[in-house]
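Keep the coordinates open while reading.

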2 protein chains.
Amino acid sequence: MKYSDDYTNDKFKRRAISVEEAQKRVMEHVRPGITEIVPLPEAQGRFLAEPLHAPHPYPHFRRSGMDGYAVVSADTKNCKDDETVWLRVVDEIPCGYVSDRLITSGLAARIMTGAQVPEGADAVVMLEATRLREEAGDVYVGLKKIVEPGNNITPVGYELQEGELLLEKGTRLGAGEISVLATFGIHSVPVIRKPRVAVISTGSELLSVDEPLQPGRIRNSNSFMLAVQIREAGGEPYIFGSVPDDVKAAGRVVMDALQNFDYVVTSGGVSVGDYDIMGDLVRQEGVDLLFNKITMRPGSVTTAAVINGGLLFALSGNPGACFVGCELLLRPVIRTMLGAPQPFLPRWQVLLGADYNRVNNYTRFVRARTEIRDGRVYAVPAAVDESSVMISIKDSDCLIVIPPGTGQLEEADKIEIIKLEGGGWS
Amino acid sequence: MKYSDDYTNDKFKRRAISVEEAQKRVMEHVRPGITEIVPLPEAQGRFLAEPLHAPHPYPHFRRSGMDGYAVVSADTKNCKDDETVWLRVVDEIPCGYVSDRLITSGLAARIMTGAQVPEGADAVVMLEATRLREEAGDVYVGLKKIVEPGNNITPVGYELQEGELLLEKGTRLGAGEISVLATFGIHSVPVIRKPRVAVISTGSELLSVDEPLQPGRIRNSNSFMLAVQIREAGGEPYIFGSVPDDVKAAGRVVMDALQNFDYVVTSGGVSVGDYDIMGDLVRQEGVDLLFNKITMRPGSVTTAAVINGGLLFALSGNPGACFVGCELLLRPVIRTMLGAPQPFLPRWQVLLGADYNRVNNYTRFVRARTEIRDGRVYAVPAAVDESSVMISIKDSDCLIVIPPGTGQLEEADKIEIIKLEGGGWS
């Protein structure tokens with residue numbers, strides 16, 4: 001039995017700052033992104049390192065939008081009163097084939113959807129609106145309707161002109177973006193290397209996931225949760241084992257990780273009690289403490305510091321607080337390093353999906369689930385939302401933001417939410 | 001020059017069915033999922049192969065929610081009129097440590113957040129509400145406020161009782177779910193093997209992405225787009241090179257792929273014109289044609305067939321139609337194989353974000369982008385939405401569903417959308 005309490009020490013003199021101020025402080029220490037080239041099939045989910053412009057117009061040739069006949073539209077002027085105009089078919093143009101025949105008045109070419117329209121032709125008549133006739137070894141196509149110039153032809157550069165912006169720097173590459181890259185032959189894609197984040201849990205009470213349960217001890221779940229959150233943000237997590245409650249030993253692990261990774265995130269050890277080793281660590285000399293208290297719940301003890309130029313996020317060990325701290329602080333740092341134009345999670349004005357009574361002096365981030373009811377977005381708070389509660393994280397796709405001093409809230413009251421990325425909506 | 005037109009043949013006698021009927025027909029041919037075990041760190045994004053139940057209650061011990069002192073709450077009855085009650089501190093309990101001291105009246109134990117509450121104690125008083133006194137080598141803690149039984153103690157099974165359902169079969173594993181698995185020590189996770197999908201493009205006009213541009217030819221972008229969509233659905237794509245416009249050669253590739261993969265998806269070759277080799281392929285003997293026309297735009301020629309028991313999706317080569325066909329038909333098949341309880345993309349009732357005039361005899365799926373305006377969801381149609389247009393796919397996160405015969409629509413009209421998964425919202 002030992003006593004280490006000294007309630008008059010610095011541990012209790014934390015100065016709380018707002019979430020916005022905390023975000024501002026960590027964002028000042030984002031590392032510059034490093035460009036790497038990946039092959040197109042591996043580019044999904046990555047962030048573009050530079051803006052890309054169209055190397056050629058698209059389409060780069062006059063493209064037929066129909067299976068049918070390429071014609072000179074003026075030839076169809078006589079299609080009235082059910083009169084059929086007959087044109088001599090002089091070529092057949094499948095996709096990928098370029099005709100060397102000039103289409104002049106009285107001529108037509110059979111053409112497929114997507115094929116290059118031959119010189120001279122200025123319209124395509126769809127196959128179903130034509131009929132054929134053979135005469136003296138020649139084939140004629142009969143048309144019955146007037147067609148306008150340009151009909152069923154996609155002009156050069158219809159979608160994009162050469163040099164137009166294709167994709168902005170910082171764009172995350174999904175199905176549509178990958179399609180654009182392939183279309184323009186960009187098979188080696190400049191992306192930002194995934195920010196590498198060391199994930200460390202503190203606490204002698206932590207069991208690894210494959211250890212049998214022991215009295216008074218819990219398994220290290222935060223590291224695995226943080227790893228998923230980091231991947232969703234666009235980073236690459238490296239899970240360290242949990243470090244014991246010893247400032248020196250933990251300090252060595254953290255210092256080492258700060259040298260070898262872009263960021264270090266820890267969970268646990270930041271409360272005001274004993275064995276709060278991360279709290280002690282950031283009070284050491286040479287550490288630039290950014291903050292160790294935020295006016296938010298959960299996670300008021302969330303701490304960040306710069307050590308030897310490296311950014312350390314010391315999150316609460318409570319699962320709910322750890323989750324929120326990562327989404328609000330680490331995520332925008334990762335996204336900024338990746339060049340994303342909007343590194344913060346989006347905030348929406350929506351309606352409250354159920355009464356909410358909890359009042360607080362701090363801004364509260366309440367785990368909740370969005371629902372669409374007749375075109376309106378509702379956010380339904382989780383039944384149990386204590387910071388120590390782990391089970392409701394999985395059922396949440398947003399955080400309701402309850403400003404300090406807010407009174408009782410009723411269903412359908414206007415509220416603000418922060419939309420999470422990973423959760424649901426599909 | 002050759003002629004192969006015969007407008008009276010089967011090509012033009014396609015019987016169109018509804019999207020819902022088409023979905024029903026492909027869903028009858030979903031292969032059963034195969035269970036595989038993956039280590040927890042690799043389980044992100046995977047789908048659970050079986051329901052999991054809590055192997056123990058959680059928390060599995062009475063947990064302190066505060067740094068402070070574990071006490072017998074009845075001892076604080078005398079805390080009134082500013083009278084301090086003094087209790088002798090007999091132990092200090094960090095996290096992970098189990099005290100062997102019984103706390104009886106007059107005694108207390110220093111305890112950390114998350115530690116196991118000692119026997120006999122029925123409340124924890126927070127550190128900040130206490131003071132200390134030393135007397136004759138003993139330490140006493142002074143309390144000034146009455147505490148209720150259970151204060152700051154999380155009871156056993158507060159979050160989950162032993163045997164309760166943890167996660168349903170078919171659950172996709174995100175940050176919250178991974179946290180649950182780690183908490184309960186489930187380090188080997190039973191998931192459904194990713195459905196393997198062969199991706200084949202047809203068309204002699206197709207260049208590979210690393211080939212220089214040629215007149216009349218385009219690069220094979222659909223295969224890469226489909227690969228992203230398949231991964232987002234939970235499948236594993238295998239990109240084949242594009243096959244030339246030759247029924248026999250394409251048939252061999254498709255047959256071979258059907259034997260070695262769970263599903264085969266092709267793009268191109270399904271229109272009514274010449275060289276529509278997929279259309280020809282599915283008309284051959286031994287092929288169970290599910291449909292070759294759907295009352296939808298884009299993608300009315302979308303085709304599916306069962307060949308030797310294998311399911312073939314023959315999508316349009318138009319990028320927009322190919323994208324929609326994959327989302328509406330292939331995606332639910334993949335998700336059903338993965339056991340997802342809701343394999344279809346969600347449909348929402350929202351408001352139209354801009355006027356829309358295009359009228360059609362078929363159900364139209366209009367690429368669009370959702371916006372939240374003051375708690376309401378709006379869907380803004382893409383400026384250019386032709387099926388052949390590739391560029392607007394990347395800017396879409398939903399498809400507006402416009403039923404056949406719908407008249408002009410105005411901004412703020414009520415509409416239905418299908419919410420896509422990949423697009424934005426963050």
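A:Tyr69 stands opposite A:Arg110 in strand E6 of chain A. The model is predicted: local features need pLDDT of at least 70, side-chain atom pairs count only at pLDDT 80 or more, and totals for chains, interfaces and linings use all residues. Residues are numbered from 1 along each chain as its sequence is written, chains are lettered from A and ligands numbered from 1 in the order in which they are written, and side-chain values use heavy atoms, with hydrogens and water left out.

In chain A, strand E4 (residues 68-71) and strand E6 (residues 107-111) run antiparallel and are joined by 3 bridges. Strands here are DSSP runs of E with at least two residues, helices are runs of H or I with at least four, and both are numbered from the N terminus; two strands pair if DSSP finds at least two bridges between them. E4(A) is also joined, by 4 bridges, to strand E7 (residues 123-126) of chain A, again antiparallel. There A:Ala70 stands opposite A:Val124.

Chain B can be described in the same terms. Its strand E4 (residues 68-71) is joined to strand E6 (residues 107-111) by 3 bridges, and the two run antiparallel; B:Gly68 stands opposite B:Ile111 in E6(B). In chain B, 6 strands form an open sheet with mixed pairing, in the order E7-E4-E6-E5-E9-E8.

How are the two chains related? The same surface serves both copies, as 100% of the contact residues of chain B recur in chain A.

The contact (heavy atoms within 4.5 Å) takes 99 residues from chain B and 100 residues from chain A. Between them the chains bury about 8,700 Å², 61% of it on carbon and sulfur atoms; this is the accessible area (1.4 Å probe) lost on being put together, summed over both. The count of salt bridges between the chains is 2, a salt bridge being a side-chain nitrogen of Lys or Arg within 4 Å of a carboxyl oxygen of Asp or Glu. B:Lys414 forms a salt bridge with A:Asp374, with the closest N and O atoms 3.2 Å apart. On the side of chain B that touches chain A, the largest share, 8 residues, comes from helix H2 (residues 175-183) of chain B.

How values were computed. Buried area is the accessible area (1.4 Å probe) that two parts lose on being put together, summed over both.
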